[in-house]
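Q: I would like to learn how to read aromatic rings in a protein model. Please take me through some cases.

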Amino acid sequence: MKIYSLQDFLKYLEKNGELIRIKKEVDAKFEAAEISIRALQQGLPALLFENIKGSRFPLAMNVLASDKRIELALGKHPDQLGEELITFMEDAMPPKPKVFFRHPGITKRLIGALPKTTFWPTSQEVIQGTDLNGLPVITCWPEDGGPFITLPQVFTYDPRNGKRNVGMYRMQVFDGKTTGMHWQIQKGGGFHYFQSQKAGKPFEVAVALGTDPTLLLATVAALPEGIDEVMFSGFLRGRRTRMAKGKTISIPVPADAEFILEGTVHLTELRMEGPFGDHFGHYSNASEFPVFHISAITHRKNPVYPATVVGRPPMEDKYLGNATQQVLGPLIRLIHPEIKNLWAYYEAGFHNLLVVSVEERYRKEAMKTALSIMGEGQLSLTKCVVTVSEEVNPRDFHAVLRAIHEHFDPAYDFIMIPKVPLDTLDFTSYKMNLGSKMIIDATRDDNTKKQEGRKTTGNFETLLKDIDNRIIRWNLLGDALLVVSVKENGRDVVRNLTKSAEITGPDIIAAVSTDVDICNLEQTIWGIFTRFDAERDIVFTEEKLMGISPVFRGKMGIDATWKTGYPSPLVMPDEVIDRVNKNWDAYWK
């Protein structure tokens, strides 16, 4: 089936048993979000809410919230597509005409990458006016600043050269004609906005709501700056993306979207936006961001409005993020041939934990690679990089821990980088866009031998309580990571455990708050990597200075407890949970 639009894909999902229609009236405020979260966690199909309170438009959610739906969207597993792409690129260096005949599948996709213009766009079949109020815009979490458009595909153009960027930036609905535009650091739309400010030119913006899945995946992909997402969507689809001239703006807009919002972002106007329950599992704080003014809303006949929920993993962004890194990840080998594989963990919000397997051709090349990655595009927002040897699978967290246990010596293998740019959503430094990062080098190094400590013996639980009775629960992951749950004073507990001579086995000791299920690996990774600042919250058994160089020895401790001043973790109101419990069976009739 040829898929050009969101509705084409919804029909395809339904044909494959991957779509459920919900006819019961559902409230876009909290209720739709709670249903979609539960449906994802239970492995249910995508959802089409046909009766949203106060709106005449249906609402689609969880459209790409499974590995199967991702494969249906791409026509094959994203890992397979990624390997085909890197094989083609390596074969094409230097360019050879015959390479196109050896890779017909990739060649077809490359031909489809070029966009085309149409004068009959379905996205402009109806001109609605400028009022957002009729759209089923969802409110996800109780402390959100209001309803948010959560799946906007924002089209901007560089005023210097006309290069296009398509990004996904949440948009808080202020009223029927204005929204926020949450341009975080290191985002293409924000760079275009910066250039428009410098040039003093009006900044036209188009927002597509509801496109075919390949354009959506291209939008969320961490493409290098200057690479056109519309062209990449054509490559993923194997067919050209249709574009059309806007009605009230001069820039091209997607021709097959469900809705198009046209308008401008004023160059000097800022407005408080947020809070918003984000994919780190906490609220991101309210702050000033640019304002989008709508000049026209167009849509196809009988459109479907798309939305997603982000929050404590797993959420739909798990599948979106994993798919894009499976396709694009292998391309890192073009500029870093020493890299064999890499993986950003959705459990940690992607940017908080990146593992890279490296074939070291000289001593400490892995550290060089990690430092280079921390300066490249979206990867520059990574907070923690772990390097491992080429035989270690970066996606296997237990294998990564074994590498740390066998090869990590903090005296030689740990770097902390303070006071650098950090993901806008990261709250752990208490300073927006600034924080600290760290590198753990766990590659095999035959030149230095790690001193193996004896394993802790005896009753471990009794031993831990004797060292610090504030420990509520504990879990030992392999031989490398000891996780303890505490109610308060996490730093003191971590300090006591790292200093104890009785604890000799684990290399890393992390303290988390009691809301983290430390027996669940997914929640453990989330609980640790979203709640610490490397500069402030890491300790070692021994810390000293040699000149101005810090030297660390012994066990590494991480205070990953929730701290005063952090935004709240995301929790749905009891009345919403009770309402969904009561109506659960009725949703599926």
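Q: Over which ring does the charged end of Lys 383 sit?
A: This is a predicted model. In it, the charged end of Lys 383 lies over the ring of Phe 532, at 5.0 Å from the ring centre.

Q: How is a pair of aromatic rings described?
A: Two values are used, the distance of the centres and the angle of the planes. There are 20 aromatic pairs in the structure. In one of them, Phe 414 and Phe 552, the planes stand at 80 degrees and the centres are 5.6 Å apart; an angle over 60 degrees counts as edge-to-face, so this pair is edge-to-face.

Q: Where in the chain do Phe 414 and Phe 552 lie?
A: Phe 414 belongs to strand S22 (residues 414–421) and Phe 552 to strand S28 (residues 549–560).

Q: Are Phe 414 and Phe 552 buried or exposed?
A: Both Phe 414 and Phe 552 are buried.

Q: Which type of pair do Tyr 587 and Trp 588 form?
A: Tyr 587 and Trp 588 are edge-to-face, with 6.3 Å from centre to centre and 75 degrees between the planes. Tyr 587 has 0% relative accessibility and therefore counts as buried. Trp 588 has 27%, so Trp 588 counts as partly exposed.

Q: Which residues form one aromatic cluster?
A: Tyr 169, Trp 183, Tyr 193 and Phe 203 do.

Key. Residues are numbered from 1 along each chain as its sequence is written. This is a predicted model: local features need pLDDT of at least 70, side-chain atom pairs count only at pLDDT 80 or more; totals for chains, interfaces and linings use all residues. Side-chain values use heavy atoms; hydrogens and water are left out. Rings of Phe, Tyr and Trp (its six-membered ring) pair if their centres lie within 6.5 Å; planes under 30 degrees apart count as stacked, over 60 as edge-to-face and the rest as tilted. Helices (H or I, at least four residues) and strands (E, at least two) are DSSP runs, numbered from the N terminus. Buried means under 20% relative accessible area, exposed over 50%, partly exposed in between (1.4 Å probe, protein chains only). A charge sits over a ring if NZ of Lys or CZ of Arg is within 6 Å of the ring centre and within 35 degrees of the ring normal.
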